[in-house]
Amino acid sequence: MQTEILSYREEKPNLEIKTVEKVAEARLPTEFGDFQIAGYRSLTSDEEFIALFKGEFDEKMPVPVRIHSQCLTGDVFHSLKCDCGKQLRWAMERIANEGHGIIVYQYQEGRGIGIINKIRAYALQDKGADTVEANLMLGFDVDLRKYDQCVEIIKDLGAKRVKVMSNNPQKIKAMIEGGLEIVERIPIEFKPSKDSVNYLKVKKLQMGHLLNLVG
Ligand SMILES: [Zn+2]
């Protein structure tokens, strides 16, 4: 019996195991035009994801895509401490203009530490710590995010060749490792505000983000 099981496994070495599933999809009219919204669930954890997309996708056509990590303060409250909200709206506008594209929205607030801990980190930043130091002082790694399931969602929607809207090399790496072909990187950068300039400097110098507008 043992041998039979082993040989069965060997016959299907390239079987790609699905770790997310789409559970619902609907139309979502927005300020930037009509989108489709889909809810995905992880099959390996209790994580949920949203895909906001427009158009249809195939293996040939390059598609603008963004993996956006939730930032409640930036996305909802228009915080000036970071540029997340602006990036999200910019990406939606770009997709609306191009007529097709995908945003995968992942709930990994504060680089994975959660909103309450992010506010704790902001309190430490008010006393002079930078964004990396604050995470470390709270006992977290600098960045806890993982993107492999986001990449799986992009593939599940049918896209293969992508134009990545991101400055984050970790997201780009995850897409390549996940089997997407990157045909272009679309920088998504704004002039820093006085409240975001130090944060963006740390992202550039300590986390390797591809930013040109900060020194
Ligand atoms: Zn943010």
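Helices (H or I, at least four residues) and strands (E, at least two) are taken here as DSSP runs, numbered from the N terminus.

## Model and overall form

This is a predicted model, in which local features need pLDDT of at least 70, side-chain atom pairs count only at pLDDT 80 or more, and totals for chains, interfaces and linings use all residues. Residues are numbered from 1 along each chain as its sequence is written.

The chain has nine helices and seven strands. Its radius of gyration is 19 Å, close to the 17 Å that the globule rule gives for 215 residues, so the chain is as compact as a globular protein of that length. The radius is taken over C-alpha atoms, and the globule rule is 2.2 Å times the number of residues to the power 0.38. Along the principal axes, the C-alpha atoms fill a box of roughly 65 × 45 × 30 Å.

Of the 215 residues in the chain, 30% are buried. A residue counts as buried if 20 or more other C-beta atoms lie within 10 Å of its own, as exposed if 12 or fewer do, and as partly exposed in between, with C-beta atoms placed from the backbone. Two residues are in contact if their C-beta atoms, placed from the backbone, lie within 7 Å. Among contacts with a separation of 6 or more, 57% are between residues 24 or more positions apart.

## The sheet

Seven strands form an open sheet with mixed pairing, in the order β1-β2-β3-β5-β4-β6-β7. The edges are held by β1 (20–30) and β7, each with a single partner strand, so one side of each is left without a neighbour in the sheet. From one strand to the next the twist averages 25°. Angles run from 0 to 180 degrees between N-to-C directions, and axes are lines fitted to C-alpha atoms, for helices over the stretch in contact. Strands are said to pair if DSSP finds at least two bridges between them.

A hairpin of five residues joins β2 to β3. These two strands pair in the antiparallel sense over six bridges, and G39 has I50 in β3 as its bridge partner. On β3, five of seven residues are buried. β3 and β5 are also antiparallel, with six bridges, and L52 stands opposite I103 in β5.

## Strand β4

Seven of the seven residues of β4 are buried, so this strand is largely enclosed by the rest of the structure. In a regular strand the side chains alternate between the two faces of the sheet. In β4, V63, V65, I67 and S69 point one way, while P64, R66 and H68 point the other way.

β4 runs parallel to β5, joined by five bridges; R66 stands opposite I103 in β5. β4 also runs parallel to β6, joined by three bridges. Here P64 stands opposite K163 in β6, and V65 has V164 in β6 as its bridge partner.

## The nonpolar core

A nonpolar core is a set of buried Ala, Val, Leu, Ile, Met, Phe, Trp, Tyr and Cys residues joined through C-beta atoms within 7 Å. The largest one holds 33 residues, of which A51, I102, V104, I153 and I154 touch the most other members. Two or more residues each come from β2 (33–42), β3 (48–54), β4 (63–69), α3 (84–98), β5 (101–106), α7 (148–156) and β6 (161–165).

Leaving aside residues up to four places away in sequence, V104 touches F49, A51, I67, C150, I153 and I154. In α7, the buried residues include C150, I153 and I154, along with Q149, V151 and E152. Just after α7, G158 takes a positive phi of about 105°.

β6, α8 and β7 make a right-handed β-α-β unit. Right-handed means that, with the strands pointing away from the viewer, the path from the first strand over the helix to the second runs clockwise. β6 and β7 pair in the parallel sense over five bridges. In β7, E181 is the bridge partner of R161, and I182 that of V162. α8 lies across β4, β6 and β7, running at about 160° to β7.

G179 is found in the loop between α8 (169–177) and β7 (181–186). This residue is exposed because 12 other C-beta atoms lie within 10 Å. G179 and K155 are 24 residues apart in sequence, with their C-alpha atoms 8.6 Å apart in space.
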